[in-house]
Amino acid sequence: MNPPTERAVLRATRRCLRREALSARRVPMGRSHFVFTVELASGEHVIARITRPGRAECFAGFAYWRRQLARVGVPVPRVLSMDLTTTVLPWPIMLLEKASGDDLCNVYADLTAAEKRGVADDLLDIRDRVRSLPPGPGYGGVANYGDLRCHPHWSDVLREYFTGAIDQLTPSQRQRPAVGEIRGALRELRPEFDRIDPLPCLIDATHQNVLVHEGRVTAIVDLDEVGFGDALYPLGVARAGLLARGPEADCIEHVAAPLCVGPVRRRVFDLYSAIACLKMLAPSPLGVTGPPPVDSRIAIRLLTLLDAFAAAAAHGE
């Protein structure tokens, strides 16, 4: 799927909002959708999200979960307009208010120690607010409470994440010892996973999709699905994403601490980070951008982290 042109995005914004739009700029962070920042004649900026024609349910899910989360006080952007019929564009489009700030991974290195504590406090508060929603009908990411695509066990979700990633890896990547160590840890820890309740968590709020401005969380910006299962999982993803870019992820370790007390839960945290590394290294069949180039600093760092996290998950180190 080729990305929509800036001219097409401007035209669609004008039709959806009935307001003059001056410029559109592609935001490279969007992996599952094309994301643009659009400047209006008023000086305001809005976010345009565009997805494949067969994935309109993602935007319907965003609107649904936005209402649920706003009700319990989670900072989420307002939906200004959306067209899921592909009449405005050949693709579904959603227009959102633009929250202040940037993805956590883009600003993390510049945060002071006090600001990192502030971000951690905000994430803990958001987690408590999300947990006030009802439990799910099953496990995994769903578009609404009636979504029947959920799994019967949390271990089934993890198995899907793992097999989905390794199916997209190169043959040499699949031969790394870490892949076998993850497979063994998934098998050994399955009884632990099957005791986890289907409680809600923001499964895509990781090192990305968490906007931070002046040391505080201003918005969660990917709400296509809310996950039901272990709230430690997205923290494992966030830890891997931050460590792939810098020397530490202390903020995320602080948020994760109450959820990984004891050696077994620490192994679980390491396993989640290992699976996250695999997923970041693998192309996504539904993605609009690929993984980092194999010779890039991030890809090399992800491979190192993959080996370390997989060994810790397998051996409890």
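**View 1. Helices α5 and α7 of the predicted model, roughly antiparallel to each other.** In this predicted model, the axes of α5 and helix α7, the latter made of residues 177-188, come within 11 Å and cross at roughly 165°. The two helices are therefore roughly antiparallel to each other, since angles over 145 degrees count as such. The crossing in which α5 passes α7 is left-handed. On the side of α5 the contact involves Leu-158, Arg-159, Phe-162 and Ile-166, which meet Val-179, Ile-182, Arg-183, Leu-186 and Arg-187 in α7. Sorted by class, the residues of this contact are 6 nonpolar and 3 charged, with no polar residue among them.

**View 2. His-151 in the loop between β7 and α5.** The loop that holds His-151 runs between β7, residues 140-142, and α5, residues 154-166. When its neighbours within four places in sequence are left aside, His-151 is in contact with Gly-138, Tyr-139, Asp-156, Val-157 and Glu-160. Pro-4 stands 147 residues from His-151 along the chain, and the C-alpha atoms of the two residues are separated by 34 Å.

**View 3. The packing of helix α11 against helix α12.** Helix α11, which covers residues 263-281, and helix α12, which covers residues 297-315, pack at an angle of about 150°, and their axes lie 8 Å apart. That angle makes α11 roughly antiparallel to α12. As α11 passes α12, the crossing is left-handed. From α11 the contact draws on Arg-267, Asp-270, Leu-271, Ser-273, Ala-274, Cys-277, Leu-278, Met-280 and Leu-281, while α12 contributes Ala-299, Leu-302, Leu-303, Leu-305, Leu-306, Phe-309, Ala-310, Ala-312, Ala-313 and Ala-314. The contact of α11 with α12 is made up, by class, of 16 nonpolar residues, 1 polar residue and 2 charged residues.

View 4. The crossing of α9 past α12 is right-handed. In α9 the residues involved are Arg-239, Ala-240 and Leu-243, and these meet Arg-301, Leu-302, Leu-305 and Phe-309 in α12. The contact of α9 with α12 divides into 5 nonpolar and 2 charged residues, with no polar ones. Among the residues of α12 named here, Leu-302, Leu-305 and Phe-309 also belong to its contact with α11.

View 5. Of the elements in the lining, α4 gives the most, with 4 residues. By class, the lining of the largest cavity holds 16 nonpolar residues, 1 polar residue and 1 charged residue.

**View 6. The second largest pocket.** This pocket has a volume of about 160 Å³. The residues that line the second largest pocket are Cys-105, Asn-106, Tyr-108, Ala-109, Asp-110, Lys-116, Leu-242, Arg-245, Gly-246, Pro-247 and Glu-248. When these lining residues are divided by class, 5 are nonpolar, 2 are polar and 4 are charged.

Definitions and conventions: Residues numbered from 1 in each chain as written. Predicted model: local features only at pLDDT ≥ 70, side-chain atom pairs only at ≥ 80, totals over all residues. Heavy atoms only, no water. 1 Å grid on protein atoms, 1.4 Å probe; cavity = no way out; pocket = protein on both sides within 12 Å on 5 of 7 lines; lining within 4 Å. Points joined across faces, edges and corners; volume = space filled by probe spheres on them. Nonpolar A, V, L, I, M, F, W, Y, C, P; charged D, E, K, R; others polar. Axes fitted to C-alpha atoms, helices over the stretch in contact; angles between N-to-C directions. Parallel < 35°, antiparallel > 145°, perpendicular 65-115°, else oblique. Left-handed = near helix turned anticlockwise from the far one by under 90°. Contact = heavy atoms within 4.5 Å.
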